[in-house]
Amino acid sequence: FSVRIMLKKSCFVYFGLCGRSNRHIFNSATFLKALGTSTIVTRHQNMSSSRAMDADRPFIEDVLDKYSELNGLTMLALGSSYWSPPKKSLEKLQQLDMDVNKIHRYSNILGLNSLRDKLKLRFQSLGLDMATNDLIVTAGANQAFQSTALALCDNGDQAIVLAPYYFSHKLALQLAGVKVSVAPFGSDMLPDWDQLESLIKANKPKMVVMTSPNNPSGKVFSASDVARIVSLCRAADCWLVADQTYYEFLFDGAQHTFPEGYDKIVHIFSFSKAFGMPGWRVGYAIYPKLLTESYRKIQDTIPTHATVLSQHLAELCLDTYHEDGGRWVSDKVASLEAVRQTLWPSLETMNTVRTCGAFYFLVPLPPEVSEEEAVDVLARKFGLLLMPGSAFGAPQHMRLSYGSIPPASAMQAEQQLRAGLQYIAELAAERRK
């Protein structure tokens, strides 16, 4: 049998009733009311929320699973840097006082005060107004973005993401019940400004999401580009959420511009890329102080706080950064220049746009060869794994990540890439006949 309680229009499946197992069924009425849902309790029924079912798939995991049986693949799919955290920082971590009250107990919801203070000083020196902003340390930049979506948006609100976009941003918004519109990009990897302005006027979004330096294209927005986006958000009175995870990954003289001059901006950052520590899961968000209470509620409910030991490593990495004037990070980033230069001749043959940031290129494909086929051919015939561009709002492209390639391995990767892209080009030419 089933019991149906109509609290609101949507419905939430709780658990099946069988025999005497229903004695605690109504103990969660307060929880269900807080969700703003109705409930259907039914026997042997397994149903996920439409919000989760309708959201995009986690594309990277899908691709990795599909080709997991192939050994020795050159990994150009993952957004990861090839290095590990500074040796000096890791050595200091091993010497850390492992007092139970410092490591093994709950800590400050917003993050270790010492780490937060050092980050605030750093970004104050970079031009952000930390007198009016606050900072939260999160379990990676993905969690920082998810918390931001929950802090800013109500169910049914509109958001606009600038394509090409980081797929987890769109997925996070969908899981928060937000209606997502995608602003298309042009041949220069910048937004189609007319369409973006039209979308903002038509949709009246709660937030606009930009990523610069961009994942997946590597595009670095100029100061005038950033100012234009800020101006559009100010005119629409909507939030601008700027993921700047790769702000230190700049090449060919490019410079990063922090969006500013508007009181509705949230900045997202990560320790994963520059310090080579994605497995430690430490990110952070900088936001206007009026949002602190909302972030506290969300943080307390989801992770409680970022892992304490991970935060200590992040702080030690930041100490190393300050002690050597950022040289360790800048040297690691500079080492990728050799990888870029080695791979570029092959990428150029496909009319790839040469971008100047992060560690990505979007490789266009001829119309005769689909993304799925191209990714499969490169993996199975040439031992290279790339990501399909559709995952990032860039259909008929592939995302190539060169961050995980050490300079010593660049030549081998280039040989595989050159042969694979030539095969795709010849395949397309044959089909055009």
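Biologist: How do the residues lining the second largest pocket divide into nonpolar, polar and charged?

Modeller: In this predicted model, the second largest pocket has a volume of about 580 Å³. Its lining comprises 24 residues, and I60, G79, N142, Y166 and K273 are those nearest the centre. By class, the lining of this pocket divides into 10 nonpolar, 9 polar and 5 charged residues.

Biologist: Which helix gives the largest share of the lining of the second largest pocket?

Modeller: Three helices, α3 (59-66), α7 (141-152) and α8 (167-175), each supply at least two residues of this lining. The largest share is 3 residues, and the helix that gives it is α3.

Biologist: Is α7 parallel, perpendicular or oblique to α11?

Modeller: Two packed helices are described by the angle between their axes and the distance between the axes. For α7 and α11 (residues 292-301), the axes lie 9 Å apart and the packing angle is about 120 degrees. Angles from 65 to 115 degrees count as roughly perpendicular, and those over 145 as roughly antiparallel. The angle therefore makes the relation of α7 to α11 oblique.

Biologist: How many nonpolar, polar and charged residues form the contact of α7 with α11?

Modeller: On the α7 side, the residues are Q143, S147, T148, L150 and A151, and they meet S294, Y295, I298 and Q299 of α11. By class, the contact has 4 nonpolar, 5 polar and no charged residues.

Biologist: What is the volume of the largest cavity?

Modeller: Rolling a probe the size of a water molecule over the atoms shows where empty space is left. The largest cavity has 13 lining residues, with Y247, E248, S270, F275 and Y284 nearest its centre. The volume of the largest cavity is about 90 Å³.

Biologist: Which helices each supply at least two residues of the lining of the largest cavity?

Modeller: The lining of the largest cavity consists of 9 nonpolar, 2 polar and 2 charged residues. The helices that each supply at least two of its residues are α6 (113-125) and α12 (308-323).

Biologist: Where is P213 found?

Modeller: S212 and P213 are joined by a cis peptide bond, with omega about -10 degrees. P213 is in the loop between β8 (207-211) and α10 (223-236).

Biologist: What is the phi of R281?

Modeller: R281 belongs to the loop between β10 (265-270) and β11 (283-288). R281 is not a glycine, although its phi is positive, at about 55 degrees.

How values were computed
Residues are numbered from 1 along each chain as its sequence is written. This is a predicted model: local features need pLDDT of at least 70, side-chain atom pairs count only at pLDDT 80 or more; totals for chains, interfaces and linings use all residues. Side-chain values use heavy atoms; hydrogens and water are left out. On a 1 Å grid over the protein atoms alone, a cavity is a set of points where a 1.4 Å probe fits but cannot get out, and a pocket is an open set with protein on both sides within 12 Å along at least five of seven lines; lining residues have an atom within 4 Å of a point. Grid points are joined across faces, edges and corners, and a volume is the space filled by probe spheres set on the points. Helices (H or I, at least four residues) and strands (E, at least two) are DSSP runs, numbered from the N terminus. Ala, Val, Leu, Ile, Met, Phe, Trp, Tyr, Cys and Pro count as nonpolar, Asp, Glu, Lys and Arg as charged, and the others, Gly among them, as polar. Axes are lines fitted to C-alpha atoms, for helices over the stretch in contact, and angles run from 0 to 180 degrees between N-to-C directions. Angles under 35 degrees count as roughly parallel, over 145 as roughly antiparallel, 65 to 115 as roughly perpendicular and the rest as oblique. Contact means heavy atoms within 4.5 Å.
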